[in-house]
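Please study the sequence and the structure before reading the solutions.

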Amino acid sequence: MENRFAAARRRYLRTHMDGIYTGMLLTGTLEPHLAEIGESAQAMFDRLVEQMKDAEGVTERLKAENQMEWVGRTNSIRSRAEEIILSELVYC
């Protein structure tokens, strides 16, 4: 099962690098490649989100005191982390 990062990598290869995509598909290396990208990207995403939360003071205490601020800041962090992953692992 592909995660969102592996699916994005598949779309990117198919759209922008069709020769590489077809070659990998024919040689059987596409699925292992997508699995590796998906696992690496998800691990990096999780790590980045936690590091950014720590650096920006987004804690469980904030969640208890001001849930809407916590949600907004958490969503911002997740969005920025996703952009980093997409630019460094998926769209390269």
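Buried means under 20% relative accessible area, exposed over 50%, and partly exposed in between (1.4 Å probe, protein chains only). The model is predicted: local features need pLDDT of at least 70, side-chain atom pairs count only at pLDDT 80 or more, and totals for chains, interfaces and linings use all residues. Residues are numbered from 1 along each chain as its sequence is written, and side-chain values use heavy atoms, with hydrogens and water left out.

**Exercise 1.** Determine whether Arg10 is buried, partly exposed or exposed, and find its salt-bridge partner.

Solution. Step 1: the relative accessibility of Arg10 is 21%, so Arg10 counts as partly exposed. Step 2: a salt bridge requires a side-chain nitrogen of Lys or Arg within 4 Å of a carboxyl oxygen of Asp or Glu. Arg10 forms one with Glu2 (2.5 Å, N to O). Step 3: Glu2, at 31% relative accessible area, is partly exposed. Step 4: a network of salt bridges links Glu2, Arg10 and Glu31.

**Exercise 2.** Which side chain meets Arg4 in a salt bridge?

Solution. Step 1: the partner is Glu82 (3.0 Å, N to O). Step 2: this pair links distant parts of the chain, with Arg4 in helix 1 and Glu82 in helix 5, 78 residues apart. Helices are DSSP runs (H or I, at least four residues), numbered from the N terminus.

**Exercise 3.** Classify Thr74 as buried or exposed and name residues that it touches.

Solution. Step 1: Thr74 is buried, because its relative accessible area is 7%. Step 2: leaving aside residues up to four places away in sequence, Thr74 touches Lys53 and Val58, where contact means heavy atoms within 4.5 Å.

Definitions and conventions. Helix = DSSP H or I, 4+ residues; strand = E, 2+ residues; numbered from the N terminus.
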